[in-house]
Structure formats: C-alpha cells, structure tokens
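Take a look at it, then read on.

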Amino acid sequence: YAAESLFIAKIHPLRPANSLTKEEISRMIASIKQVLEKAIKAGGTTLKDFVGGDSKPGYFKQELNVYGRAGEACYVCKQSVKKIKQAGRSSFFCSSCQK
C-alpha cells in the first residue's frame, strides 16, 4: 500500500522523508488513510493466494494505480510505470506524476 499512497500523494519513492514539506506530509497522511480504507472495503489485495478471514480473496488489486504495473501506462499521464528495488523490496511509481 506504500506505493499506492505515494502515488496518490504525488511523492517520489526515493524522496528522503526529512525533505517533505508540511503540505506533502499532510497529503501523505490523507493518501495513506484513503488507500487503507479502500483496501479494507475491498477485502484486501489478493496478489497470489491470499484470502481474508472469511476465506474470500481481496479485490483491491483492481484499484491499484502503480503496484505491480511496471512497464504499463500510468492511468493519469500515460507514461510508463517504473519499478525499483528499495531495501530489497520492489517499489512502483510514475516518474512523471511523482516528483
């Protein structure tokens, strides 16, 4: 959900946290809440074989803007979604929408 929150907040994943403005921090807080609320309502994100406590898959995957979409067109600007490794994990972002 981090990649999705950063995308909505329009913050590049390589930006150091201590360089964010108060406005960007406020946007980030709001985007985290938005993403988590939508994911909970959708039952989570089933990427492979995840199921929730009710044994049903989560449907938030259909709402992902950047996660898992490397090489595909950004829904907003049509530029290619990028993938990088951060601390051994994949991170996805749009270099045009996220500065």
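Among contacts in the chain between residues at least 6 apart in sequence, what percentage join residues at least 24 apart? It's 41%, where contact means heavy atoms within 4.5 Å. Keep in mind that this is a predicted model: local features need pLDDT of at least 70, side-chain atom pairs count only at pLDDT 80 or more, and totals for chains, interfaces and linings use all residues. Numbering starts from 1 along each chain as its sequence is written, and side-chain values use heavy atoms, with hydrogens and water left out.

**Overall layout**
- You'll find two helices and two strands in the chain, running α-α-β-β from the N terminus on; these are DSSP runs (helices H or I, at least four residues; strands E, at least two).
- Of the chain's 99 residues, 32% count as buried (under 20% relative accessible area; exposed is over 50%, partly exposed in between, with a 1.4 Å probe and protein chains only).

**Inside**
- The largest nonpolar core has eight residues, including Phe7, Cys74 and Cys97; such a core is a set of buried Ala, Val, Leu, Ile, Met, Phe, Trp, Tyr and Cys residues joined through side-chain atoms within 4.5 Å.
- Apart from that core lies another, of five residues, among them Leu6, Ala9, Leu20 and Met28.
- Leaving aside neighbours within four places in sequence, Cys97 is in contact with Phe7, Lys10, Cys74, Val76 and Cys77.

**Leu36**
- Leu36 sits in helix H2, residues 22-41.
- Leu36 counts as partly exposed because its relative accessibility is 37%.
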